[in-house]
Amino acid sequence: MKGLYFQQSSTDEEITFVFQERENLPVTEDNFVKLQVKACALSQINTKLLAEMKMKKDLFPVGREIAGIVLDGILPLDSEDPGLCDVVRVHEHYLVHKPEKVTWTEAAGSIRDGVRAYTALHCLSHLSPGKSVLIMDGASAFGTIAIQLAHHRGAKVISTACSLEDKQCLERFRPPIARVIDVSNGKVHVAESCLEETGGLGVDIVLDAGVRLYSKDDEPAVKLQLLPHKHDIITLLGVGGHWVTTEENLQLDPPDSRCLFLKGATLAFLNDEVWNLSNVQQGKYLCILKDVMEKLSTGVFRPQLDEPIPLYEAKVSMEAVQKNQGRKKQVVQF
């Protein structure tokens, strides 16, 4: 039985994924189950986090967002089994029931981004009806789910588009997005647009997709064009607002902190793996997983999925995902 693995010894420029024969699964222990995989979504592997957690291995399993008979879930960070194989062994505490109305590909393709969006909007920023939310890069797989969850909660949503295609995608949302800010040409000022849309009050919640930290001379051209500067985010944030950032290397100077202090604003970091790094809040994590599946079943949100791919194409597709190529979520169907 083969599984897909990532070779950690490779550099960022030379990412290597390999199919490897797996040994037979060990005898199932207490609280562990064998899961027949029906679908597995592909997401980037955070090699830096793995190094910091001292989890270096010659081969690291690929594919953790899985759906199968009869359960689905996200494999823990230290799982030795790749999701991209026929059968895996997983602890029951990482699994929730899949509603009958939800397909295998929908379950696998939405559970990670669903948990991220739920964590950002409910756990970190305490979203409530009537709040205004800026969701950067709203046409991404994660952004589309975040927008739908914010609308469901009764929020006013503003979003940015990185291309004409993204802009058209966002303009088709129902209920409609309050304002779509096209940043593809680098000429539109995000802070000015948000302040104009909110009557100068600023937005209550900002969910970024990365920010610029330095001056124009020190940033790559692509990053300059598509990402706002950290000062722009602070400027457009309203009094008592929440800034949820995915920028793990964010640096704030004393004037930045002073401005956030005067606004009584909060800053939170959205770490994809936070629920898997400790078992302290395992019960809350399972409640979130269950709620995400229920909202998917009732049509509160729909994931942005690419056409399902067979297992033999997983290596090539994962290489593209690791390089952040493509907009829709890639799901391997068994």
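**Fold and salt bridges**

Modeller: Among contacts in the chain (heavy atoms within 4.5 Å) between residues at least 6 apart in sequence, 67% join residues at least 24 apart. Keep in mind that this is a predicted model, where local features need pLDDT of at least 70, side-chain atom pairs count only at pLDDT 80 or more, and totals for chains, interfaces and linings use all residues. Residues are numbered from 1 along each chain as its sequence is written, and side-chain values use heavy atoms, with hydrogens and water left out.

Biologist: OK, how many helices and strands are in the chain?

Modeller: The chain has 10 helices and 15 strands. Those are DSSP runs numbered from the N terminus: helices are H or I with at least four residues, strands are E with at least two.

Biologist: And what share of the residues counts as buried?

Modeller: 52% of the 334 residues. Buried means under 20% relative accessible area, exposed means over 50%, and partly exposed is in between (1.4 Å probe, protein chains only).

Biologist: Switching to charges. How many salt bridges does the count come to?

Modeller: The count is 17, taking a salt bridge as a side-chain nitrogen of Lys or Arg within 4 Å of a carboxyl oxygen of Asp or Glu.

Biologist: Which residue does Arg116 meet in a salt bridge?

Modeller: Asp272, at 2.7 Å from N to O. The pair links distant parts of the chain, 156 residues apart: Arg116 is in helix 2 (residues 104-124), and Asp272 is in the loop between strand 14 (266-269) and helix 9 (282-297).

Biologist: Is Arg116 buried or exposed?

Modeller: Buried, because its relative accessibility is 15%. Asp272 has 32%, so that one counts as partly exposed.

Biologist: What about Asp137, which residue does it form a salt bridge with?

Modeller: Arg327, with the closest N and O atoms 2.5 Å apart. Asp137 is buried at 14%, while Arg327 is partly exposed at 33%.

Biologist: And where do Glu319 and Lys315 sit?

Modeller: Both are in helix 10, four residues apart, so about one helical turn separates them.

Biologist: Which residues do shared partners join into one network?

Modeller: Arg64, Glu65, Arg112, Asp113, Arg116, Asp272, Glu273 and Lys329.
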